[in-house]
Amino acid sequence: MSASMNSVDLVVVGSGIVGLGAAYAAVRRGLRVIVVDRTDAPAGATIRNFGHLCIGAQGGDARRYADASRDLWLRLSRDAGFWLRESGTLVAARHDDEIAVLEAAARQGGIRMLEAEELLRLAPLRRDGLLGGAHIETDLQTDPRTAAAAIVRHLQARGVEFRFRTGVTALGAGRVETTRGPIACENVVVAVNHDIDQLLPEVAERHGVVRCALDMMRAAVTFRHPLSAPLLTGWSLVRYGRFADGPEAIALRERLHAERPDLAALDLNQMYTQLPDGTLIIGDSHATATTPAPFQPEAAFAAFLAEAEALFDMPAPRVLERWQGVYAKGPQEFLIERGDEGALVLAATTGIGMTTGLGLAEENLTAAFGWAPAMEGTS
C-alpha cells in the first residue's frame, strides 16, 4: 500500500494508556488516527498495575494531569462500557507519624480523616494496632485488564485504526516507517513508555529514562466484607508527592526504614485493590535498571503475604498469579519533548501513568499541535 493511501492526521506509536489517550484526544476532534503497536493488544504497564487512579495523592503537574484524567476516565467508562468506581482511596494508619502526614495533607482539602472504627467498616482490617486513617475523596478504581481492551474497542468503533503486531522502525518529517510499510501523516505521537530507548535512544539518554521493575501478585482472599476502595499504608505515604514532600514524611520514612530495612530494601509500596471478582491485588516492590533482571525474588512475595496477613483480618491468602510490571523511570515525573523529527514524545516516568496518562496526552497534544479544546459533551 502506498504512502498516499495511508495518509492520516495523526499516527500514535504505542497502545498503552498514554497512546490511547492521544488517540482519544484526536478522534474527539474529528481527526483520522492510526495507532501502531508491535504487540497484538496493550500488554505493558497499562494492564500490569493495581487499577488504582490515585488522583488526590498527587501534586504539581501530576495533580493537574490527574484531575484532567479523572474526567476522561469517567467519560470513557460510560461510553466504552468498562467497570470503574468512584471509590476514593483508603489509608490505614498504624503509627502516630502516619496520622501526622495525613493530617497535614488533609488541611489542603479533599482528604477526610477517619477514626479506626469507621475505617474498619470500610476495610476488613485487624483492629489491633490500627489508629485510624483517611479517605482520599477524588480517586477512582478500575480493572486494568478489562479497561484497556474496552478503550481499544471503543476507539475502533469511533474510527481509529489499530495496526497491531507492527513495529515502527524510523520517524521522519510527515512519515512513519513501519514493518508493514510507511504511513504518511500530519503529526506523530510517540508513547512507548520505557521502550523509548529502543526507538529514540538519544531522547531516553537525554532525559535519563531507565526501567523500574516491580513484583505484584493476585490472591484469593476471605474477607468479612469487601474492601470498599483501594487501600494505602504508611509505605505509600512516603511515595506519593502530596504526602512525601512534606516535613512530616521525613520522620515517617526514617522510622519505616529503621524498623524494617528488609522492606525498605524492596522499595515497598504496601497497597491493595480488590477486583470485582473478589480477588486481591497485592504489591509492590521496585528495582531500577536500564534492563532489569527478569528473575523475581521470592523474598518479595513472602514479604507481601506476611504484611497482608498482618494488616487484614483474614485467613492466609491463596496466591493465584504473580507477575513483573515494568515502567519508565526518570529524574522528572514526565517526559515531554518535541523531537527534531517533529514527533511529540510523551511518557509518565514515575509509575503514575494510569492516573495521569489521559490528561497528559490531552493537554500536551492540544498545546503541541495547536488544537482547539474538544467540544464539551463530545464523547
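Is the crossing of H1 and H13 left-handed or right-handed? The close-ups below come from a predicted model, and the first one takes up that question.

**Close-up 1. Helix H1 packs against helix H13.** The crossing here is right-handed. Two packed helices are described by the angle between their axes and the distance between the axes. For H1 (residues 17-27) and H13 (residues 353-369), the angle is about 40° and the axes are 8 Å apart. On the H1 side, the residues in contact are Ile17, Val18, Gly21, Ala22 and Ala25. Over on H13, they meet Gly353, Met354, Gly357, Leu358, Leu360, Ala361, Glu362 and Leu365. Sorted by class, that contact comes to nine nonpolar, three polar and one charged residues.

**Close-up 2. Glutamate 307 sits in helix H12.** The helix itself covers residues 298-311. Is glutamate 307 buried or exposed? Its relative accessibility is 12%, so glutamate 307 counts as buried, the cut-off for that being under 20%. Leave aside residues up to four places away in sequence, and glutamate 307 touches Arg260, Leu263, Gln270 and Tyr272.

**Close-up 3. Arginine 253 belongs to helix H10.** Look for this one within residues 248-259, the span of H10. Arginine 253 has a relative accessible area of 28%, so it's partly exposed. Which residues does arginine 253 touch, not counting those up to four places away in sequence? They are Val238 and Ala244. As for valine 238, it lies 15 residues from arginine 253 along the chain, and the C-alpha atoms of the pair are separated by 6.2 Å.

Technical notes
Residues are numbered from 1 along each chain as its sequence is written. This is a predicted model: local features need pLDDT of at least 70, side-chain atom pairs count only at pLDDT 80 or more; totals for chains, interfaces and linings use all residues. Side-chain values use heavy atoms; hydrogens and water are left out. Helices (H or I, at least four residues) and strands (E, at least two) are DSSP runs, numbered from the N terminus. Buried means under 20% relative accessible area, exposed over 50%, partly exposed in between (1.4 Å probe, protein chains only). Contact means heavy atoms within 4.5 Å. Axes are lines fitted to C-alpha atoms, for helices over the stretch in contact, and angles run from 0 to 180 degrees between N-to-C directions. A crossing is left-handed if the near helix is turned anticlockwise from the far one by less than a right angle, and right-handed if clockwise. Ala, Val, Leu, Ile, Met, Phe, Trp, Tyr, Cys and Pro count as nonpolar, Asp, Glu, Lys and Arg as charged, and the others, Gly among them, as polar.
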